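Here is a short briefing for a first look. Please keep the sequence and the 3D view side by side.

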Amino acid sequence: IVQPDIQQTYQELMDDVKEGRYDKVISYLRNNPQKPEAYDLMQEVWWEAIYGKASHARGRELTATDRYRLRKKNRPPPTIFDGDATYHLLKESSRRILLEEFERNPYSNRRERCRI
């Protein structure tokens, strides 16, 4: 469940993105810390603003490659991102724990894997 104030902020920022005020949205997200439960929504706004700004500057729709390069170049700011990157659908911290467990016991049984 998304809190009403988070939803309202999200909606206002998305309205700004749709109206082409990309720099305002990007500046807001860089300078105003958000609650951790708002990170996913604010990252969605971040990417919409980054993609919209680039698309507007280039005068065309972005390709998948364009979006990939923008994601690599414009990481979300710490105000909307905890720095725990996701790789293959796992957070970096979870992935590290799994790797440590696998190094400790590469042939774990089903019950041990469920415990992890």
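The points below cover helices, charged pairs, an aromatic pair and a surface patch.

This is a predicted model, in which local features need pLDDT of at least 70 and side-chain atom pairs count only at pLDDT 80 or more, while totals for chains, interfaces and linings use all residues. Residues are numbered from 1 along each chain as its sequence is written, and side-chain values use heavy atoms, with hydrogens and water left out.

**Helix α3**
- Helices are DSSP runs of H or I with at least four residues, numbered from the N terminus.
- Helix α3 has 20 residues and reaches 28 Å from its first C-alpha to its last. That is close to the 28 Å expected at 1.5 Å a residue (1.5 Å times one less than the number of residues).
- Gly 59 follows α3, and its phi is positive, near 75°.

**Aromatic pair**
- Rings of Phe, Tyr and Trp (its six-membered ring) pair if their centres lie within 6.5 Å; planes under 30 degrees apart count as stacked, over 60 as edge-to-face and the rest as tilted.
- The count by this rule is one aromatic pair. Trp 47 and Tyr 51 form it, stacked at 6.0 Å centre to centre with 25° between the planes.
- Both residues lie in helix α3 (residues 39-58), four residues apart, about one turn of the helix.
- Trp 47 and Tyr 51 are both buried (buried is under 20% relative accessible area, exposed over 50%, partly exposed in between, with a 1.4 Å probe and protein chains only).

**Salt bridges**
- A salt bridge puts a side-chain nitrogen of Lys or Arg within 4 Å of a carboxyl oxygen of Asp or Glu. The count is eight salt bridges.
- Lys 35 and Asp 5 meet at 3.1 Å, N to O. Lys 35 lies in the loop between α2 (22-31) and α3 and Asp 5 in helix α1, so the pair ties together parts that are 30 residues apart in sequence.
- Arg 104 bridges to Glu 101, with the closest N and O atoms 2.7 Å apart. Salt bridges that share partners join Asp 16, Glu 19, Arg 21 and Lys 24 into one network.

**Asp 16**
- Asp 16 lies in helix α1 (residues 4-18). Its relative accessibility is 8%, so Asp 16 counts as buried.
- Lys 24 and Asp 16 form a salt bridge at 3.3 Å, N to O.

**Surface patch**
- Ile 97, Leu 98 and Ile 116 make a nonpolar surface patch of about 240 Å².
- Patch residues have over 30% relative accessible area and no salt bridge; like charges are joined within 9 Å, nonpolar side chains (Val, Leu, Ile, Met, Phe, Trp, Tyr) within 5 Å.
- Leu 98 sits in helix α5 (residues 92-104).

Definitions and conventions:
Helices (H or I, at least four residues) and strands (E, at least two) are DSSP runs, numbered from the N terminus. Accessible areas come from the Shrake-Rupley method with a 1.4 Å probe; for residues, only the protein chains shown count as cover.
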